[in-house]
Amino acid sequence: MIDHRYWARYLQRAVDDRREVQGIGAQIGELSLPDAYEIQETLVAERMFAGDALAGAKLGLTSKAKQEQMGVDEPAYGWVPSSSVLGADAEVELADLIHPRAEPEFVFVMGDDLASPNCTADQVLDATERVVGGIEIIDSRYEAFKFTLPDVIADNTSAARALIGESGVAPRDVDLTQVECTFTVDGELTGTATGAALLGDPAECVAMLVRHLARKDRGLLAGWIVLAGAPLGAEPLAPGAVATAGYSHFGDVTVRAV
Ligand code: OOG
Ligand code: MG
């Protein structure tokens with residue numbers, strides 16, 4: 001039995017000290033997925049006790065682009081603290097982070113609570129108020145931004161900041177699989193993808209998250225945001241960098257690294 005609180009504090013200290021740390025699995029032999037989610041939960045719960053709140057949830061590693069970039073072939077689930085949420089056009093202070101990277105995100109804004117052990121994409125669309133564009137700033141707490149699936153889960157799936165776009169669309173007013181996303185860093189296009197890059201359908205990603213949460217009798221709450229995952233690889237942010245995620249049906253989102 002490993003000490004979940006010990007490892008949660010180990011990761012929180014890395015955040016606080018802005019310092020990369022060694023993977024947990026390498027230090028204990030092997031980190032199981034249930035233990036990894038327990039560490040994540042303790043980490044997030046301790047932040048809530050320190051005065052933060054939950055703004056929503058996230059998926060990671062839901063596209064081939066991300067899975068190949070990180071060498072991990074399964075999705076992971078995490079939480080989005082309120083303190084990490086920024087507007088559609090925001091500055092991110094690099095000195096607050098370790099080695100941040102930016103990636104585009106499809107973001108669901110929930111209109112209703114949603115809890116179901118066999119949740120479908122259709123139920124997700126019914127419970128969603130709108131879908132907006134976003135940019136997630138990820139900042140793995142691990143050395144060289146390298147990790148195994150259990151390690152990245154313990155680290156709340158590298159979550160650091162989330163920029164959430166303003167305009168968006170009602171979920172049934174557009175075919176989300178056809179929404180196009182472009183990502184540009186300092187004027188240079190890094191890639192383009194459609195919503196279909198997210199396991200075939202962004203709404204199916206959210207349904208997977210809901211099925212995952214149901215295993216612990218949990219669900220999504222009305223008003224929460226859900227990041228479905230990046231359809232394109234993440235890009236490192238150098239001082240002064242400007243990254244824009246453009247979407248065919250949502251407003252653009254821009255982050256400036258300062
Ligand atoms: C893990 C987080 C992945 C996404 O959208 O795929 C993620 C990482 O790549 O550090 O947030
Ligand atoms: Mg992400």
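## Briefing: a magnesium ion and an enclosed ligand

A144 sits in the loop between strand 6 and helix 6 (149-154); helices (H or I, at least four residues) and strands (E, at least two) are DSSP runs, numbered from the N terminus. A144 also has a positive phi of about 60° although it is not a glycine. This is a predicted model, where local features need pLDDT of at least 70, side-chain atom pairs count only at pLDDT 80 or more, and totals for chains, interfaces and linings use all residues. Residues are numbered from 1 along each chain as its sequence is written, chains are lettered from A and ligands numbered from 1 in the order in which they are written, and side-chain values use heavy atoms, leaving out hydrogens and water.

**The metal site**

- E103 (OE), E105 (OE) and E136 (OE) coordinate the magnesium ion (ligand 2) at 2.0 Å.
- Donors here are N, O and S atoms within 2.8 Å of the metal (3.2 Å for Na, K and Ca); water is not among the atoms, so sites may look incomplete.
- Along the chain, the donors of this magnesium ion are spaced E-x1-E-x30-E.
- E103 is buried at 3% relative accessible area, and E105 is buried at 1%; buried means under 20% relative accessible area, exposed over 50%, partly exposed in between (1.4 Å probe, protein chains only).

**Around ligand 1**

- Ligand 1 is surrounded by 17 residues, and the closest are L61, K66, E103, S158 and A230; a residue counts if one of its heavy atoms lies within 4 Å.
- Polar side-chain atoms of K66 and E103 each lie 2.8 Å from an oxygen atom of ligand 1, and one of E136 lies 2.9 Å from an oxygen atom of ligand 1.
- The protein covers 100% of the 320 Å² of accessible area that ligand 1 has on its own (Shrake-Rupley method, 1.4 Å probe).
- Strand 1 (54-60), helix 4 (64-70), strand 5 (101-110) and strand 6 (128-138) are the elements that give two or more residues to the shell around ligand 1.
- Strand 1 gives the most to that shell, with three residues.

- L61 is found in the loop between strand 1 and helix 4 and counts as buried at 6% relative accessibility.
- Like A144, L61 has a positive phi of about 60° although it is not a glycine.
- Most residues other than glycine have a negative phi.

**Helix 7**

- V206 belongs to helix 7 (residues 202-214) and is buried, with a relative accessible area of 0%.
- The C-alpha atoms of V206 and Y77 are separated by 9.9 Å, with the two residues 129 residues apart along the chain.

Methods
Polar contact = N/O pair within 3.5 Å; in protein donor to acceptor, adjacent residues only side chain to side chain.
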